[in-house]
Amino acid sequence: MTCDEAEILIHALIDNELDASHAREVEAHIAGCARCTAALADYRRMRDVMAKSDLRYTAPASLRQRIDAALPKAAPAPASNVQPLPSRRSLLRGFAMGSAVSALAATGLVAIVLRNDDQQMVESEIVSAHLRSLQPGHLIDVVSTDQHTVKPWFNGKLDVSPPVIDLTAQGFTLIGGRLDYVDARAIGAVVYKRRAHVINLFVAQTSNAARKPAKIETVQGFNIRRWSDRGLNYWAVSDIGADELAEFGDKFEAAVQNNKEG
Amino acid sequence: MPVNISQDMGQDSSQTDPERARRFREAALPHLDDVYTLARYLLRDASDAEDAVQECYLRALKHFDSYRGPAMKPWLFAILRNVCRAEYARRASAPATVLDDDTPETAEQTPMWHEEQQTPEAEMIRERDASAIRRIIDTLAEPFKETFVLREINNLSYREIADAVGAPVGTVMSRLARARAMLRTAWLAEQEQAK
């Protein structure tokens with residue numbers, strides 16, 4: 001690989017958009033090139049500083065109100081006073097997924113080197129993050145069994161506020177929270193214990209508000225229960241059995257539901 | 001992706017369908033801060049950004065029926081870009097006004113973090129860093145700034161950026177490489193000065 005090629009691909013490497021074999025090629029080039037090594041170090045440092053600075057803007061409340069007022073009002077809620085849950089089908093009508101446009105737009109070279117943004121890749125990263133968390137001293141950034149301590153801790157560290165729910169009474173003890181990185185993005189991890197087993201619940205924002213029911217998969221010997229709800233993706237990872245992990249997920253989802261209604 | 005903004009603003013029945021409006025709210029309103037952030041970077045003016053975002057949401061609602069993906073965020077960004085382009089055209093024809101870049105933006109902003117344990121000193125450093133970085137980002141030419149902000153601040157993947165700006169992924173990659181290279185130069189110069 002030449003420096004010219006690396007100059008472009010180094011960014012795809014930083015952004016974790018390269019497939020594994022090209023990532024190795026770029027890394028091999030960088031290892032033998034002082035110029036590219038310096039560039040990579042600078043880019044990584046820039047990204048770190050940017051991640052720590054507050055570069056986003058918050059829309060003024062008045063703007064939110066103006067837009068809200070301009071939208072047609074929803075029908076009055078039924079007398080039962082319970083908000084109807086969005087029907088999944090009606091949501092999906094507006095959200096036909098997939099993007100043929102972007103697939104066509106990708107040029108030859110790019111289509112080959114960029115990794116497939118598929119579920120599998122994310123799940124294997126989730127398992128890696130889970131494994132990393134089990135190293136001594138890596139499990140928890142904020143140690144607390146109190147959900148009112150863990151939840152505010154995430155404020156300002158993520159662009160989402162992960163639901164933090166104590167499930168001690170249901171047999172899953174909240175032990176803390178952690179900031180982790182999956183797919184090169186910051187992601188929240190809420191940590192639970194079941195007997196001696198750790199459960200990491202990873203929470204990330206998704207642009208798709210549609211609810212996706214839970215699926216349990218096994219990746220590298222770990223069970224993952226993944227689901228989506230109200231614009232958040234969840235992955236619960238643990239070495240406990242699939243049935244116990246399903247129980248955890250069900251109880252968590254039920255508690256979230258209760259919180260919304262209560 | 002085609003975003004067909006037609007001129008007719010007639011109120012057909014679909015415009016007032018409450019079920020449709022509810023779906024639109026749920027899908028689009030969670031991205032308001034993201035859309036506003038991009039507008040602020042593209043227009044460099046708080047009140048122009050507000051107007052552009054409002055216009056963007058009204059257009060998005062109007063075209064919500066024809067929306068078939070990709071993800072919501074790139075779709076909203078694509079609409080916002082069209083709105084901003086109209087604003088550029090208006091500015092180009094209007095008498096030249098000087099945009100006051102140096103106004104501290106923090107005063108009118110609600111900070112995104114509300115941690116009690118943040119000391120005032122730490123907050124000040126954070127705000128100073130942020131405004132220095134914003135200033136450097138603002139020096140980038142339009143297509144580079146846009147790609148950079150979409151990637152680093154709005155957190156889009158390359159494919160989502162390509163969808164939002166209507167360019168091939170290869171173009172996105174080369175713009176991002178240019179943007180980061182220019183920022184690195186400015187960054188190193190700034191650090192050199194600070195010494």
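**Group meeting talk: a two-chain predicted model**

Hi everyone, let's start with chain B, which has eight helices and zero strands. Please keep in mind that this is a predicted model. If you read chain B along its sequence, the pattern is α-α-α-α-α-α-α-α. Chain B is 195 residues long, and 36% of them count as buried. As for its contacts between residues at least 6 apart in sequence, 70% join residues at least 24 apart.

One helix in chain B is worth a stop. How much of helix 7 of chain B is buried? This helix runs over residues 158–165, and eight of its eight residues are buried, so to speak a mostly covered helix. Please find them on your screens: B:Tyr158, B:Arg159, B:Glu160, B:Ile161, B:Ala162, B:Asp163, B:Ala164 and B:Val165. You will notice that B:Arg159, B:Glu160 and B:Asp163 are among the buried residues. Just after the helix comes B:Gly166, with a positive phi of about 65°.

Now over to chain A. Here we have ten helices together with seven strands. Of the 262 residues in chain A, 27% are buried. Taking the contacts in chain A with a separation of 6 or more, 56% come from residues 24 or more positions apart.

The strands of chain A bring us to the sheet. It is an open sheet of seven strands, with antiparallel pairing and the order 1-2-3-4-7-6-5. Which strands stand at the edges? They are strand 1 and strand 5 of chain A, the latter covering 212–219. Each has a single partner strand, so one side of each is left without a neighbour in the sheet.

Strand 1 of chain A, residues 142–143, pairs with strand 2, residues 173–182, in the antiparallel sense over two bridges. In that pairing, A:Val142 sits opposite A:Gly177 of strand 2. Next, strand 2 of chain A pairs with strand 3, residues 185–194, again in the antiparallel sense, over nine bridges. Here A:Thr173 stands opposite A:Lys193 of strand 3.

Keep your eye on A:Lys193 for a moment. Its bridge partner in strand 4 of chain A is A:Val198. That belongs to the antiparallel pairing of strand 3 with strand 4, residues 197–205, which runs over seven bridges. On this sheet packs helix 9 of chain A, residues 147–154, touching strand 1, strand 2 and strand 3. The direction of helix 9 makes about 15° with that of strand 2 of chain A.

Finally, let's look at a place where the two chains meet.

Which residues make the contact? From helix 4 of chain A we have A:Leu63, A:Arg66, A:Ile67 and A:Ala70. Helix 3 of chain B brings B:Glu50, B:Val53, B:Gln54, B:Tyr57 and B:Leu58. By type, the residues of this contact divide into six nonpolar, one polar and two charged.

That's my tour, and I'm happy to go back to any part of it.

Terms used. Residues are numbered from 1 along each chain as its sequence is written. Chains are lettered from A and ligands numbered from 1 in the order in which they are written. This is a predicted model: local features need pLDDT of at least 70, side-chain atom pairs count only at pLDDT 80 or more; totals for chains, interfaces and linings use all residues. Two strands pair if DSSP finds at least two bridges between them. Helices (H or I, at least four residues) and strands (E, at least two) are DSSP runs, numbered from the N terminus. A residue is buried if 20 or more other C-beta atoms lie within 10 Å of its own, exposed if 12 or fewer, and partly exposed in between; C-beta atoms are placed from the backbone. Two residues are in contact if their C-beta atoms, placed from the backbone, lie within 7 Å. Ala, Val, Leu, Ile, Met, Phe, Trp, Tyr, Cys and Pro count as nonpolar, Asp, Glu, Lys and Arg as charged, and the others, Gly among them, as polar. Axes are lines fitted to C-alpha atoms, for helices over the stretch in contact, and angles run from 0 to 180 degrees between N-to-C directions.
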